[in-house]
Amino acid sequence: MRAWTDERVERMIGALLRWGVILAAAVILAGGAMYLVRYGSTISDYRVFRGEPSDLRNVSGIVKGAVSWHSRGLIQLGLLLLIAVPVARVAFSVVAFALQRDRTYVVVTLIVLAVLLYSLTRVGP
Amino acid sequence: MNSLEFSLLVWLGSLAAGFLGSLTGLGGGVVIVPLLALRFGVDIRYAIGASLVSVIATSSGAAAAYVKEGYSNLRIGMFLEIATTIGALAGAFLAARMSPSAIAVIFGVVLFYSAYLSNRPRPEHPSAARPDPLAAFLRMDSTYPTTEGLQSYRVHNVPGGFGLMFVAGALSGLLGIGSGAVKVLAMDQVMRIPFKVSTTTSNFMIGVTAAASTGVYLSRGYIDPVLVMPVMLGTLAGSMLGARVLTRAKSRILRIVFSLVILALGVELIYNGLTGRL
């Protein structure tokens, strides 16, 4: 196995970022196309803030909506995938620093990961 | 205007914003929110939610390209992300307690400041002879490629940069922008990191920062999928296009024009915020 040099780690992270964003964009595009085919002629109004319904706010509601091919649930699923891209990048960096035996940066990266996960727990299961 | 027309127009606007944002280095996020709020009549909270999502997409997409060139510094980025993510959470919580008008006024002021920051001359600081103990402990000193081969650099004033990064994160979480201008200021001016390393590392950090506040916005119902779709797809396509022509285009005049647009939007946001129209 080749050594876990900074350069190699950064290349792998680059690939992870690129494919993650492409996947998320594809899901959002699919959901958006479905929405516009079905509801493209309805009037949209964002002047008044109502807040999204709860099934578009948490993970289980979004996944349930997406697997039953609800277009808005599918877009939100793409959004969750998109949020997962930087989170995965940080998680991957924890492993990479651990393989480099760089303890200081394992701790640094774990702190960043903890803040991100705290934010995501607010979305709820 | 029906949903299809609305989505197409927002997509085109976001495409232009992403394109100009990446060409000028000012970022697309700073124009998305005013564009949606002022031109499309979108409530500023929905606009900020949609903008945050597009910031994650463009940052991650662009970072993938920069990583290959060997400019960005993973360690500096990761360490400073502690400050930006905690700042982003603070900003997102603050956003719920502020009126849309107050947010609009702050946004306008930040637009002014961003335009100023990116147009002012940048003196390159010579790297000082003595290494900074904290930067050395954190192994931040590194090298970057130049035309004369690898150039080494030393990092200074880590606590100062860390503090300013907290502010950058809070602005990102409050306003739904990448706040790249403030991040670059912290690295380039305070920590004296070479400009090219600062900008690429900043780009790398923006996605992680935005992800920290997006969770809060999503759980609060500020992120509308039907609005997110054209904004995210438009800015992503625009910024990728911008990155392609970046090397060829003369960006100086473009940056001045884009800065004037930003200043005009800033005036309008502050005016509308103060008169309570948003």
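# Notebook: chains A and B

**Chain A, overall.** I counted secondary structure in chain A and got four helices and zero strands. Read along the sequence, the pattern is α-α-α-α. I note here that this is a predicted model.

I then looked up the dimensions of chain A. Its C-alpha atoms fill a box of roughly 55 × 25 × 25 Å along the principal axes. The radius of gyration of chain A is 18 Å, whereas a compact globule of 125 residues would have one near 14 Å. Burial came next: 40% of the 125 residues in chain A are buried. Of the contacts in chain A with a separation of 6 or more, 59% are between residues 24 or more positions apart.

**Helices H2 and H3 of chain A.** How do the axes of H2(A) and H3(A) cross? I took helix H2 (residues 59-67) and helix H3 (residues 71-99) of chain A. Their axes come within 7 Å and cross at roughly 125 degrees. H2(A) passes H3(A) in a left-handed crossing.

I listed the residues that meet. From H2(A) they are A:Val59, A:Ile62, A:Val63, A:Gly65 and A:Ala66. From H3(A) they are A:Arg72, A:Gly73, A:Leu74, A:Gln76, A:Leu77 and A:Leu80. By class, the residues of this contact divide into seven nonpolar, three polar and one charged.

**A:Thr104.** I picked one residue in helix H4 (residues 103-121) of chain A, namely A:Thr104. Buried, exposed or partly exposed? I found 13 other C-beta atoms within 10 Å, so A:Thr104 is partly exposed. Buried would need 20 or more, and exposed 12 or fewer. I also took a distance to A:Val115, eleven residues apart from A:Thr104 along the chain. The two C-alpha atoms are separated by 17 Å.

**Chain B, overall.** I moved to chain B and counted eleven helices and two strands. From the N terminus on, the elements run α-α-α-α-α-α-β-β-α-α-α-α-α. The radius of gyration of chain B is 18 Å, close to the 19 Å that the globule rule gives for 278 residues, so chain B is as compact as a globular protein of that length.

The C-alpha trace of chain B spans about 60 × 40 × 30 Å along its principal axes. Buried residues make up 60% of the 278 residues in chain B. Of the contacts in chain B with a separation of 6 or more, 81% are between residues 24 or more positions apart.

**Helices H4 and H9 of chain B.** I looked at the axes of H4(B) and H9(B). They come within 8 Å and cross at roughly 30 degrees. H4(B) and H9(B) are therefore roughly parallel to each other, since the angle is under 35 degrees. Their crossing is right-handed.

I went through the residues in contact. Those of H4(B) include B:Ile76, B:Leu80, B:Thr84, B:Ala88 and B:Phe93. Those of H9(B) include B:Phe204, B:Met205, B:Val208, B:Ala212 and B:Val216. I sorted the residues of the contact of H4(B) with H9(B) by class: twelve nonpolar, seven polar and one charged.

**Where the chains meet.** How many residues does each chain give to the contact? I found 51 residues from chain B and 55 residues from chain A. Helices H1 (3-24), H3 (44-69), H4 (74-97), H9 (195-219) and H10 (225-245) of chain B each supply at least two residues of the side that touches chain A. The largest share of that side, eleven residues, comes from H3(B). The residues of the side of chain B that touches chain A divide into 31 nonpolar, 14 polar and six charged.

**B:Val42.** My last entry is on B:Val42, in the loop between helix H2 (29-39) and H3 of chain B. B:Val42 has 26 C-beta neighbours inside 10 Å, so B:Val42 counts as buried. Which residues does B:Val42 contact, leaving aside its neighbours within four places in sequence? In chain B they are B:Leu36, B:Ala37, B:Ala47 and B:Leu227. Across in chain A I found A:Tyr46. I also looked up B:Ile223, which lies 181 residues apart from B:Val42 along the chain. Their C-alpha atoms are separated by 12 Å.

Methods: Residues are numbered from 1 along each chain as its sequence is written. Chains are lettered from A and ligands numbered from 1 in the order in which they are written. This is a predicted model: local features need pLDDT of at least 70, side-chain atom pairs count only at pLDDT 80 or more; totals for chains, interfaces and linings use all residues. Two residues are in contact if their C-beta atoms, placed from the backbone, lie within 7 Å. Ala, Val, Leu, Ile, Met, Phe, Trp, Tyr, Cys and Pro count as nonpolar, Asp, Glu, Lys and Arg as charged, and the others, Gly among them, as polar. The radius of gyration is taken over C-alpha atoms; the globule rule is 2.2 Å times the number of residues to the power 0.38. Axes are lines fitted to C-alpha atoms, for helices over the stretch in contact, and angles run from 0 to 180 degrees between N-to-C directions. A crossing is left-handed if the near helix is turned anticlockwise from the far one by less than a right angle, and right-handed if clockwise. Angles under 35 degrees count as roughly parallel, over 145 as roughly antiparallel, 65 to 115 as roughly perpendicular and the rest as oblique.
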